[in-house]
Amino acid sequence: MPELDTADTGASRRLDELLVQVATGDRQAFESVYQLASGRLFAICLHVLRDRGDAEDVLQDAFVTVWHKAAQFDRAKASAMTWLSMLARNRAIDRLRAAPPRALDDLSVAEEIPDFAPQPAQAAEHASDRERLDDCLDTLEPRRRSLIRLAFLDGASYEELARRIGAPLGSVKSWIRRGLGQLRVCLER
């Protein structure tokens, strides 16, 4: 089964339905969720952690959590891909915080680091996607836009954001959730 294209609302709804089925213990649905979402979730983990091995471990942890907590998914609050992405991102941030700082004493290690730079066609597609995302972000109220950028593009946690702006944690989460809902509507057009 191919990886999920979030621009396809039919595929997005299918993933929502599959996640609801996972909550009932449906292993086949769980396998389908993995096939559809694992590539995107792995990319999120790798972006946060910058280490392939750690990203693979966190992805596995995230899917164990999906199996155990799928009943907590509420399609009225977010799409399945949004819920899965947040779960994977939060797991990756937790792993990053728990790890001791690494020192690069030997620069020969740099030769072993794989190049994940996109090919020219991918770069053009990503630029188009980025432009569309930026256009949709510009439609949001400034506070929501800023919080979403800080949380998802800079990797700030909700707790950090609440401290930075001096607002209650619940309010920050609510503002971000509403902003993500508005973004989803804009991107699905």
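Is Arg-144 buried or exposed? With a relative accessibility of 16%, Arg-144 counts as buried. Here buried means under 20% relative accessible area, exposed means over 50%, and partly exposed is in between, using a 1.4 Å probe and protein chains only. Keep that scale handy for the notes below.

1. **What you are looking at.** This is a predicted model, in which local features need pLDDT of at least 70 and side-chain atom pairs count only at pLDDT 80 or more, while totals for chains, interfaces and linings use all residues. Residues are numbered from 1 along each chain as its sequence is written, and side-chain values use heavy atoms, with hydrogens and water left out.

2. **The overall layout.** Helices (H or I, at least four residues) and strands (E, at least two) are DSSP runs, numbered from the N terminus. Out of 189 residues, 33% count as buried.

3. Helix α6 covers residues 142-153, which is 12 residues. From first C-alpha to last it reaches 16 Å, close to the 16 Å expected at 1.5 Å a residue; the expected span is 1.5 Å times one less than the number of residues. After α6 comes Gly-155, with a positive phi near 80°.

4. **A charged partner for Arg-144.** Arg-144 is buried, yet it forms a salt bridge with Glu-141, with the closest N and O atoms 3.9 Å apart. A salt bridge here is a side-chain nitrogen of Lys or Arg within 4 Å of a carboxyl oxygen of Asp or Glu. Glu-141 counts as partly exposed, at 34% relative accessibility. How many salt bridges does a search of the whole structure find? The search finds 8.

5. **Arg-95 and Asp-54.** Another salt bridge joins the side chains of Arg-95 and Asp-54, at 3.5 Å from N to O. This pair links distant parts of the chain, with Arg-95 in helix α4 and Asp-54 in helix α3. The two residues are 41 apart in sequence, and their C-alpha atoms are 8.1 Å apart in space. Both are partly exposed: Arg-95 has a relative accessible area of 26%, and Asp-54 has 21%. They also belong to a network of salt bridges that links Asp-54, Asp-57, Asp-61 and Arg-95.

6. **Arg-97 and Glu-160.** In this salt bridge the closest N and O atoms are 2.7 Å apart. Arg-97 lies in helix α4 and Glu-160 in helix α7, so the pair ties together parts that are 63 residues apart in sequence. Arg-97 is partly exposed, at 48% relative accessible area, and Glu-160 is partly exposed at 25%.

7. **The second largest pocket.** Rolling a probe the size of a water molecule over the atoms shows where empty space is left. On a 1 Å grid over the protein atoms alone, a cavity is a set of points where a 1.4 Å probe fits but cannot get out, and a pocket is an open set with protein on both sides within 12 Å along at least five of seven lines; lining residues have an atom within 4 Å of a point. The second largest pocket has a volume of about 830 Å³, where grid points are joined across faces, edges and corners and the volume is the space filled by probe spheres set on the points. Its lining has 28 residues, and Trp-83, Met-86, Leu-87, Asn-90 and Tyr-158 lie nearest its centre.

8. **Who lines that pocket?** Helices α3 (52-69), α4 (80-98), α7 (158-165) and α8 (169-188) each supply at least two lining residues. The largest share, 10 residues, comes from α4. By class, the lining has 10 nonpolar, 7 polar and 11 charged residues. Ala, Val, Leu, Ile, Met, Phe, Trp, Tyr, Cys and Pro count as nonpolar, Asp, Glu, Lys and Arg as charged, and the others, Gly among them, as polar.

9. Most residues other than glycine have a negative phi. Arg-50 has a positive phi of about 65° although it is not a glycine. Arg-50 lies in the loop between α2 (27-49) and α3, and it counts as exposed at 62% relative accessibility.
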